[in-house]
Amino acid sequence: MKKESLLQLKFIATPFKYWWLYICFFVVVGFFLGLNNKLYFSYIEKEVSLFELMWPEVLDWSIWGFFCPFIIVLARKYPKNSSDWLSKVKFHVPMGIMISFLYSAIYACLRYAIGVVLEEEHMWSVSRNFMHRLYYFQVPFILYCSIVGITYAVSYYQQFKDEALKTAEIQQKLAQAELLVLKKQLHPHFLFNTLHAISALMHKDIDAADKMISRLSHLLRATLENTGVQEVTLKQEMEILKIYLEIEQIRFQDRLQVSIQVDPEIYDKKVPNLILQPIVENAIRYGVASFMKQGKITVAANQINGHIELKVSDNGKGMPSTQEDDIKEGIGLKNTRMRLRQLYGEKGKLILNNLGQNQGLEVKILIPV
């Protein structure tokens, strides 16, 4: 992006490299002014050839095409204290006067020389051409100031674009760093809970604890493979979630019933890495572990109204309040909200809904496609 913004006005940044572009531009200006003169003389019914009216204008403006790269460099390089407008005025006013005199002298000499070659009948001398140009001294001076002004405007525009780009890059890096921190918070969180479950199971069922350790190694391998990756396909996310659920099913055995319903057509859609695991962990912790009845966890994924809709529901007690603002969220929900905000802005949403009195909680995640 940065390279593209600089390339847009490359002919201003390196004017001598594109000197031919300036000459061509001013030659075209001279051509149209000569054509305008021809139309004027035709209007007043005076016969003058197009070439006779055209070449003085082309010569006049071609000189400015030659001067233009030098003026741009003067405006960009001098004065060195570019933030002081008074120093700019002190520098460019006398410089504009000097270049206007130089332009008038060059034009007078070339105008006379070409007139000699073309054998013009009514030809002015060099001094008369020079004095005639000085009579309209304000025109070249204004043209010089215009080129300087345009150069400053373009330079300030480039500076503004570069600063805006740097600010955007810094914000992007900060967002990436924050996302990485948020994601890494999940690893010790669920790892601690799983190790705690294995420790408790070791005294009751060694075989089950061994299976949990095996599943945990698979889970760690899968998560470490995506370290630093903020988004994965829904298929990858569901594979990691299934390994985690296998660990929890070993832990709770018949007390945990899991149902996964995913639209196969959206398996290739991108979702935040490990976005479901903390939500399912909360559902198990508050919807299954706290009660003796059989817990039911349902995970669903569909595409609705331009969003990927991920839903995790349980049959626990639900929320203590129907107002989301009144809920004291733990690290899982806070982490999820912050990640969605960083990745998708206002389009990424986390919605909590009670399914009914003592009938469970539904957590809905909306991710823009």
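A pocket is an open set of points on a 1 Å grid over the protein atoms alone where a 1.4 Å probe fits, with protein on both sides within 12 Å along at least five of seven lines; its lining residues have an atom within 4 Å of a point. The largest pocket of this predicted model holds about 700 Å³ of space, a volume being the space filled by probe spheres set on the points. Local features need pLDDT of at least 70, side-chain atom pairs count only at pLDDT 80 or more, and totals for chains, interfaces and linings use all residues. Residues are numbered from 1 along each chain as its sequence is written, and side-chain values use heavy atoms, without hydrogens and water.

**Largest pocket**
- Its lining comprises 22 residues, of which E52, P56, Y107, R111 and E120 are the closest to the centre.
- Two or more lining residues come from each of α3 (19-43), α4 (50-77), α5 (85-118) and α6 (126-135).
- Helix α4 gives the largest share, 7 residues.

**Whole chain**
- The chain has 11 helices and 7 strands, which are DSSP runs (helices H or I, at least four residues; strands E, at least two) numbered from the N terminus.
- Of its 369 residues, 39% are buried, meaning under 20% relative accessible area with a 1.4 Å probe, protein chains only.

**Helix α9**
- The 19 residues of α9 (residues 234-252) should span 27 Å at 1.5 Å a residue, which agrees with the 26 Å between its end C-alpha atoms; the expected span is 1.5 Å times one less than the number of residues.
- Its buried residues include L234, M238, L241, L245 and F252.
- Q253, which follows α9, has a positive phi, near 55°.

Technical notes. Buried < 20%, exposed > 50% of the residue type's maximum accessible area, 1.4 Å probe, protein only.
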